[in-house]
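Dear colleague,

Please find below the structure that I am handing over to you.

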Amino acid sequence: MPSTTDPRTRRLSRAGHDSSVDSAHGGARDHAPAPAHPAPAPDGAQTGDGTVRLIDADGVRHPDAAYDRWVEDVDHAALRELYEDMVVVRRIDTEATALQRQGQLALWPPLLGQEAAQIGSARALETDDFVFSSYREHGVAHVRGIAGADLLRVWRGVTGAGWDPHEARMAPMQVIIGAQALHAVGYAVGILADQETDERGEAPGSGATAGAAPTEAVISYFGDGATSQGDVAEAFTFASTWTAPVVFFCQNNQWAISEPVSLQSKVPLVERARGYGMPGVRVDGNDVLAVLAVTREALHRARTGGGPTFIEAVTYRRGPHTTADDPTRYRTSAEIEHWEARDPVSRVATHLRSEGALDDDGEARVQAAADAVAAELRAGVTTIADPSWQDVFADVYAEPHAELEAERDAYARYLDGFATTEGGGR
């Protein structure tokens with residue numbers, strides 16, 4: 001399997017120090033919310049409830065004894081890169097929404113408001129880590145190098161998967177709620193099988209052990225609504241039992257379509273982790289630096305035999321669930337305004353400006369880069385050719401298959417029945 005020590009693959013994914021599994025595990029416990037908690041604030045993450053936050057909504061940087069070490073290498077230049085990532089991804093989202101409204105896409109699930117959760121976590125990944133996402137992780141796909149047009153192919157309705165998952169190290173997006181969590185655990189157990197076979201030449205046993213040689217890791221993204229699905233519960237059980245190298249990253253964006261998170265759980269979602277015997281950490285999902293820190297810690301634990309971690313990133317979906325949704329039917333303008341004041345992009349810009357690390361010219365360059373990506377995306381999408389009906393049968397089996405060929409021929413005869421006759425009829 002690919003190396004996790006190649007310096008070419010480590011950039012923002014590399015923490016600025018080495019750490020044992022025990023200390024990383026303890027760090028997560030230190031930040032887990034206590035069982036008794038006050039009524040949730042409108043943003044779902046209160047001061048003192050164990051939520052990790054390094055840059056607050058006003059752009060002020062706060063020290064954290066447990067998590068500063070995980071981002072000690074993130075200087076102003078690196079933080080500007082994270083800022084640019086978020087601006088670009090927001091621009092991609094805006095352009096895709098416009099393309100759907102103009103009839104170029106059948107549907108689109110906006111990510112507005114969730115940029116920090118996606119960019120911070122994705123930039124913590126090594127190149128050889130593998131991603132299993134839902135259908136809203138456009139920012140993660142961007143970080144994994146997936147071209148904008150390829151990201152939109154599925155939403156244009158021309159393919160079932162817009163990119164090569166082996167090349168991008170990211171599985172096709174999953175619409176079935178929560179199913180990707182089980183896929184991630186299966187892949188992670190496969191890593192253990194490969195690792196144990198490589199090391200001992202025999203079948204796997206009961207999972208990795210603490211202190212094992214670093215290996216690749218897996219991350220699964222899902223929303224708060226998915227935590228009510230049986231697939232996610234089963235994934236937690238399997239991952240914990242096998243000490244699987246997987247990170248469960250929940251973007252708690254407050255709404256499962258039109259159902260608020262308060263109806264999903266009577267306690268903070270992160271508390272579910274302890275029932276499965278895994279560490280959990282709650283992070284301000286609108287703080288890109290904090291998200292980077294907690295995800296680095298969790299991935300380190302996974303790679304070094306510490307098993308799974310559950311991360312609850314508290315954020316907010318400011319747009320509709322999809323472009324077919326009308327969120328004004330179930331939430332208020334006051335709620336949206338409350339979250340706009342906690343915007344993940346503007347807080348980083350404010351912080352950088354306060355540090356003298358960003359000026360008007362710098363912001364203009366970032367916006368120009370984002371506009372260029374959007375223009376490339378639009379040009380790519382509008383030139384995608386519709387597939388032929390034969391393509392439905394092309395990639396089902398690797399080898400010739402008599403039954404499939406018979407079905408293809410039968411469908412061809414069916415279509416021939418609609419051919420225009422000389423008299424103009426059908």
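**Strands β2 and β3**

Strand β2 (residues 218-223) and strand β3 (residues 246-252) run parallel and are joined by six bridges. Strands here are DSSP E runs of at least two residues, helices are H or I runs of at least four, and both are numbered from the N terminus. Two strands count as paired if DSSP finds at least two bridges between them. The model is predicted, so local features need pLDDT of at least 70 and side-chain atom pairs count only at pLDDT 80 or more, whereas totals for chains, interfaces and linings use all residues. Residues are numbered from 1 along each chain as its sequence is written, and side-chain values use heavy atoms, with hydrogens and water left out.

Between these two strands, I219 stands opposite V247 in β3, and the bridge partner of S220 in β3 is F248. Strand β3 is mostly covered, with seven of its seven residues buried (under 20% relative accessible area with a 1.4 Å probe, protein chains only; exposed is over 50%, and partly exposed lies in between). In a regular strand, side chains alternate between the two faces of the sheet. Both faces of β3 are covered: V246, F248, C250 and N252 are buried on one side, and V247, F249 and Q251 on the other.

**The sheet**

Five strands form an open sheet in the order β1-β2-β3-β7-β6, with parallel pairing. Its edge strands, β1 (130-132) and β6 (280-284), each pair on one side only. Neighbouring strands of this sheet are turned by 20 degrees against each other on average, direction ignored; the axes are lines fitted to C-alpha atoms, and angles run from 0 to 180 degrees between N-to-C directions.

**Helix α8**

Helix α8 (residues 230-242) has 13 residues and should span 18 Å at 1.5 Å a residue, which agrees with the 18 Å between its end C-alpha atoms. The expected span is 1.5 Å times one less than the number of residues. In α8, V232, A235, F236 and A239 are buried. Seen down the axis of α8, the buried residues fall within an arc of 100 degrees, so they line one face of the helix; the arc is taken from the directions from the helix axis to the C-beta atoms. Just after α8, T243 takes a positive phi of about 50 degrees.

**The protein as a whole**

The protein has 15 helices and seven strands. Buried residues make up 51% of its 426 residues.

Yours sincerely
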